Structures are given as structure tokens and as C-alpha cells.
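Here is a short briefing to read alongside the structure. Have the view open and follow along, topic by topic.

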Amino acid sequence: MALTGWRMRGIVTATLRPVRRICDHLDEINEGHPEGRIPECPGRQEINRLAHGINSALERSWKAYRFASDVSHELRSPRAALRVQIEEARLPAVDPPGETGEMRSV
């Protein structure tokens, strides 16, 4: 009985090893490698389907993140340029040495 339990434990452990690898890869991705993907396991159709599904979800998530980042940057850039122009317009007018106010208006 004990021997059968020990063998069953070994079989279950070996069967779940690819799932553990997927979990380890997901931990790496979550720790700061958002462009990472899950490798497929040769000869394991169910695990490959799982890896493919996770990779598809990760790809969509990465594309959404990049889109949001690009949009955020594009919205900040014009705002920052407008802020600089407003701050420059608020500065008092100072004539550079050797120039008069007439030259500045030209």
C-alpha cells in the first residue's frame, strides 16, 4: 500500500512538472519581464494548449500596455510644450545687450 502511494505521488509529480515550469515562467514575467513568454513543451498537447493560451493573453496584455504608454506619452508631450510656452510668456521682457525693443518686435 505504501509503495503504491509512493509511486502515485511520483507519477503525479512528474505529470504536474510542466505546470510548475509554467508557473515559474509566469513568476519571472510578473517580476519585471513583461515581454517574456511561456515555452511550449514538446509532446504534451494539453500543456502546449495552455502555454499557447497564456502566451496569447500575455501578448494582448503587452500590446494594451504599450498602447496606453504611447497614448500617455503623446498626451503629455503637447501639454508640456504648452506649459513651457505659457511660462515663457509670463517672464518679463528683457532686451539682450545692444538691442532695442524695436529689434525684438521684428
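Helix 2 covers residues 45–90, and at 1.5 Å a residue its 46 residues should span 68 Å; the end C-alpha atoms are 67 Å apart, which agrees. Please keep in mind that this is a predicted model.

**Buried residues of helix 2**

- The buried residues of this helix are Ile47, Asn48, Ala51, Ile54, Asn55 and Leu58.
- What do the buried residues of helix 2 pack against? Their partner is helix 1, residues 2–30.
- Apart from neighbours within four places in sequence, asparagine 55 is in contact with Arg37 and Ile38.

**Salt bridges**

- How many salt bridges does the structure hold? There are two.
- One of them joins the side chains of arginine 37 and glutamate 59, at 2.9 Å from N to O.
- This pair links distant parts of the chain, 22 residues apart: arginine 37 sits in the loop between helix 1 and helix 2, and glutamate 59 in helix 2.
- Arginine 37 is partly exposed at a relative accessible area of 26%, and glutamate 59 is partly exposed as well, at 31%.
- Arginine 66 and aspartate 70 also meet through their side chains in a salt bridge, with 3.7 Å from N to O.
- Both arginine 66 and aspartate 70 belong to helix 2, where they are four residues apart, about one turn of the helix.
- Relative accessibility is 36% for arginine 66, making this residue partly exposed; aspartate 70, at 42%, is partly exposed too.

**Aromatic pair**

- The structure holds one aromatic pair.
- Tryptophan 62 and tyrosine 65 form this pair, and their rings are stacked, with 5.5 Å centre to centre and 25° between the planes.
- Both residues lie in helix 2, three residues apart, which is about one turn of the helix.
- Is tryptophan 62 buried or partly exposed? At 23% relative accessibility, tryptophan 62 counts as partly exposed.

**Nonpolar surface**

- Phe67, Val71 and Leu75 make a nonpolar surface patch of about 320 Å².
- Leucine 75, a residue of helix 2, has a relative accessible area of 61% and is therefore exposed, as the cut-off is over 50%.

Technical notes: Residues numbered from 1 in each chain as written. Predicted model: local features only at pLDDT ≥ 70, side-chain atom pairs only at ≥ 80, totals over all residues. Heavy atoms only, no water. Helix = DSSP H or I, 4+ residues; strand = E, 2+ residues; numbered from the N terminus. Expected span 1.5 Å × (residues − 1). Buried < 20%, exposed > 50% of the residue type's maximum accessible area, 1.4 Å probe, protein only. Contact = heavy atoms within 4.5 Å. Phe/Tyr/Trp six-rings, centres within 6.5 Å; stacked < 30°, edge-to-face > 60°. Patch = residues over 30% accessible without salt bridge, like charges linked within 9 Å, V, L, I, M, F, W, Y side chains within 5 Å. Areas by Shrake-Rupley, 256 points an atom, 1.4 Å probe, with all protein chains shown as cover. Salt bridge = Lys/Arg side-chain N within 4 Å of Asp/Glu carboxyl O.
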